[in-house]
Amino acid sequence: MIHLKNLIVNYSVLGIDPSFDNVYRQKLTFYRSQRGRRRTKSINKRLRLKKDFDSEIAYAYASNNIVIKHYIEENKSVPLWALFEVISLGNVGNYVACLNREDKEKVADFLNLYNSQYDENVKILEQSIFLIKDLRNAVAHNHIIFDCRFRKAQNVAQNLKATVKNKLHLEAETNFDILFDYLALLMIFLKESGNSRSELNSYITDFENSVNILYKSTEEIAHNKEPLPYSVYNLIIGERFKLKLNKLKEYIN
């Protein structure tokens, strides 16, 4: 997500004063493109974001963050790049949700992820961040992840499903109910951000090795040395795993 955060910051401050106060006024204006209840909801989200960012600045200052302390004690507005070093991944998603449509589209276009056919308001960036955030938080707190119970959203956005399907040329859309779907989304972002093939292939190899360990390690504990039943294995790994993995490899290479 570091590459994505850098892209968001770069497009947000291009040609303007990079202080957050200025960016807040000039760029966090998605609400202007909305009407009725959606406009009210967007304005409320923008106001909550300002409150959350102020809280994160205060926490960083209290924690003796050198960069934040410098700007606060010099009575200067904290630049966006410095703020992005201390905010949570969830607030990165909230920031993108408030960002004006033009800059959202520029970032999504740069990553070859924007498709107006099923993403009119360019929501793929924030939706991806929120989806990955759930996995990241589960891993950080050592929670169970193999069955994707960490996912908070009841329904995954159609454009996310379509993006993974189209990029990997899969026969069916993903539902993000198995870990492979999250790996695929992460690899798409990393590839389109410019990460090397060797680095991405190493991630895929690690994932594949973990899947093999899951299958083979059960031979030591299962009755009569039988491997993990396919019915249980498929619930964790998903059906047609090898085919999907090969499609991901083809996309990367």
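Helices (H or I, at least four residues) and strands (E, at least two) are DSSP runs, numbered from the N terminus. With that in hand, here are the close-up views. The model is predicted, so local features need pLDDT of at least 70 and side-chain atom pairs count only at pLDDT 80 or more, while totals for chains, interfaces and linings use all residues. Residues are numbered from 1 along each chain as its sequence is written, and side-chain values use heavy atoms, with hydrogens and water left out.

Figure 1. Of the 253 residues, 44% are buried (buried means under 20% relative accessible area, exposed over 50%, partly exposed in between, with a 1.4 Å probe and protein chains only). Contact here means heavy atoms within 4.5 Å. Among contacts between residues at least 6 apart in sequence, 62% join residues at least 24 apart.

**Figure 2. The largest pocket holds about 410 Å³ of space.** On a 1 Å grid over the protein atoms alone, a pocket is an open set of points with protein on both sides within 12 Å along at least five of seven lines, whereas a cavity is a set of points where a 1.4 Å probe fits but cannot get out; lining residues have an atom within 4 Å of a point. Grid points are joined across faces, edges and corners, and a volume is the space filled by probe spheres set on the points. Thirteen residues line this pocket, and L135, L183, L186, M187 and F207 are the closest to its centre. Helix 8 (124–140), helix 10 (179–192) and helix 11 (197–217) each give two or more residues to the lining. Which helix gives the largest share of the lining? Helix 10 does, with seven residues. By class, the lining has 13 nonpolar, no polar and no charged residues (Ala, Val, Leu, Ile, Met, Phe, Trp, Tyr, Cys and Pro count as nonpolar, Asp, Glu, Lys and Arg as charged, and the others, Gly among them, as polar).

**Figure 3. The largest nonpolar core gathers 72 residues.** Such a core is a set of buried Ala, Val, Leu, Ile, Met, Phe, Trp, Tyr and Cys residues joined through side-chain atoms within 4.5 Å. Y95, L125, L168, F180 and L248 touch the most other members, and helix 10 gives the most to this core, with ten residues. Look for L248: leaving aside neighbours within four places in sequence, L248 is in contact with L168, F180, L183, A184, M187 and I204.

**Figure 4. Helix 8 has 17 residues and reaches 24 Å from its first C-alpha to its last.** That is close to the 24 Å expected at 1.5 Å a residue, where the expected span is 1.5 Å times one less than the number of residues. Buried residues in helix 8 include I124, L125, E126 and L135. Their cover includes helix 1 (2–13), helix 6 (89–98), helix 7 (101–110), helix 9 (158–168) and helix 10. After helix 8 comes N142, whose phi is positive, near 60 degrees.

**Figure 5. The largest cavity has a volume of about 50 Å³.** A search of the whole structure finds one cavity of 30 Å³ or more. M1, I2, H3, L4, F189, L190 and S193 line the largest cavity. Helix 1 supplies the largest share of this lining, three residues. The lining divides into five nonpolar, two polar and no charged residues.
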